[in-house]
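Welcome! Take a look at the sequence and the 3D view first, then read on.

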Amino acid sequence: MNNKIRTLLNITAVAISVMSVILLASLGNGLISTGEEVFQKSSMHLWITGKPVDIQTRYSNPGEAKISNAHQLSSFILKDSGINVSTPMLTEMIYVYKENEEPISVFGLGVETGGPMIVTINGTNLNSSCHYNNGAYDNPWTKEVLADSRIVALLDVKVGDMVYAGKTINNTVDHKFRVVGITNSLSSFSTAPMLIFPFSEFQELTGNHYHDSASMIIIRLNEPENANIIREDLEKQFPEYIISTNKDLLDKIIMENSMILASAVSIVLLAVFMGGALVINTILLSINEKRQQIGIMQVIGMSRWSIMKCMGLEGAIITLAGGLAGCLLSVPAVIMLNYAIRSMVGFEDVLELNVRFMALGFIIALCLGLLSIAVALWRLGMIKPIHQLRSI
């Protein structure tokens, strides 16, 4: 009974190791594919951002790498004949709540109301805001916002509802906005629920109007294939900023999350190591339990390989069964994880399963099996038949 339980636990360990490899590969594949798909569908081709002042990048701390004089810079860039659209954007975490409810932290995004990026699925787009007034910021506010589907679910709001929003909990009471539309057009900018404001109003709401600050300026080109040429030209004009193509930005995001990816790889390698160690330990225990029988077999002239076959290729069976189980279970695991991620953050198919990943997992299981056979043969070679027969 103990041997059966031990074998089952070892098969489970191998299956978990194989699943870990498959899921990690599927996650990496899905993230890259999703990122490439998002940028390919994007109507924007260049991104101007501030240079981070320390190891924390603007993606983890948006307040440290801003662009100053965003309106003037955007207007100047638009004079280039190869550029069709140049628009500043501002990102900040803010607090929002409905009347008589608790404030919650959400992702705020300020955009130019005349921009081409937003398509509403319900209600209307933001009305044109003249609040900026050539840098005076003294014209009336529209007091309008757009909400994405996650905000709708989180706050139970609909078009026409009023919400309070502010940079701090204390100043939310002074700023009441009407939800004029629902859109998911910019939801890929953040995994958090999102509210979208007119750019200059969001600047003043968050205190970024003093230096006309923006988190980025995004650019649409007349000829997307000229992205690298125009980027090089802009880099010469504005060396204080980072100008990225869509591919550059995707590579940058991946690099900035390299520590997380390295941690995930380390965990998977540890799982594979532990699975292999358990299988080898089981083989050694099994041989130790049967050493008298092995001694008799050696005395009558059986080879180590013949003894190995007679005693049963337990390690190979464990790893093959575990490998098959891991490959088969990875399919529902990917489906369930994608469903959970979609429910929590709204991203579709973050894990993309590929037959090659399943083949890789099964090959790893085979390698563990071969390793267990090699260890078993080595251990059999160390057993001296005369020592085992003396104890009979």
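In β9, the residue bridged to V85 is R220, and that pair is a handy place to start. This is a predicted model, in which local features need pLDDT of at least 70 and side-chain atom pairs count only at pLDDT 80 or more, while totals for chains, interfaces and linings use all residues. Residues are numbered from 1 along each chain as its sequence is written, and side-chain values use heavy atoms, with hydrogens and water left out. Helices (H or I, at least four residues) and strands (E, at least two) are DSSP runs, numbered from the N terminus.

- Two strands count as paired if DSSP finds at least two bridges between them.
- β2 runs antiparallel to strand β9 (residues 216-221), and 6 bridges join the two.
- With strand β3 (residues 104-111), β2 pairs in the antiparallel sense over 8 bridges, and T91 has L109 in β3 as its bridge partner.
- β2 and β3 make a hairpin with 6 residues between them, and N100 in the turn has a positive phi of about 65°.
- Strand β6 (residues 162-166) is also an antiparallel partner of β2, over 3 bridges; here Y95 is bridged to G166.

**The nonpolar cores**

- A nonpolar core is a set of buried Ala, Val, Leu, Ile, Met, Phe, Trp, Tyr and Cys residues joined through side-chain atoms within 4.5 Å.
- The largest nonpolar core has 21 residues, of which L195 and F197 touch the most other members.
- Two or more residues of this core come from each of β2, β5 (144-147), α3 (149-155), β6, β7 (176-182), β8 (194-198) and α4 (199-206).
- A second, separate core holds 18 residues, including F107, V111, L146 and M194.
- Leaving aside neighbours within four places in sequence, F197 has contacts (heavy atoms within 4.5 Å) that include I94, L109, L126, F177, F202 and L205.
- In soluble globular proteins, nonpolar side chains tend to be buried together.

- α4 is largely enclosed by the rest of the structure, because 7 of its 8 residues are buried.
- The buried residues of α4 are F199, S200, E201, F202, Q203, L205 and T206.
- Just after α4 comes G207, with a positive phi of about 80°.
- S74 belongs to helix α2 (residues 70-77) and counts as buried, at 5% relative accessibility.
- Not counting residues up to four places away in sequence, S74 touches S86, T87, P88 and I217.

- Most residues other than glycine have a negative phi.
- N133 is not a glycine, yet has a positive phi of about 50°; N133 lies in the loop between β4 (122-123) and β5.
- Y137 is found in the loop between β4 and β5, and has a positive phi of about 55° although it is not a glycine.
- Are these two residues buried or exposed, or in between? N133 counts as partly exposed, at 31% relative accessibility, whereas Y137 is buried, with a relative accessible area of 9%.

Definitions and conventions. Buried means under 20% relative accessible area, exposed over 50%, partly exposed in between (1.4 Å probe, protein chains only).
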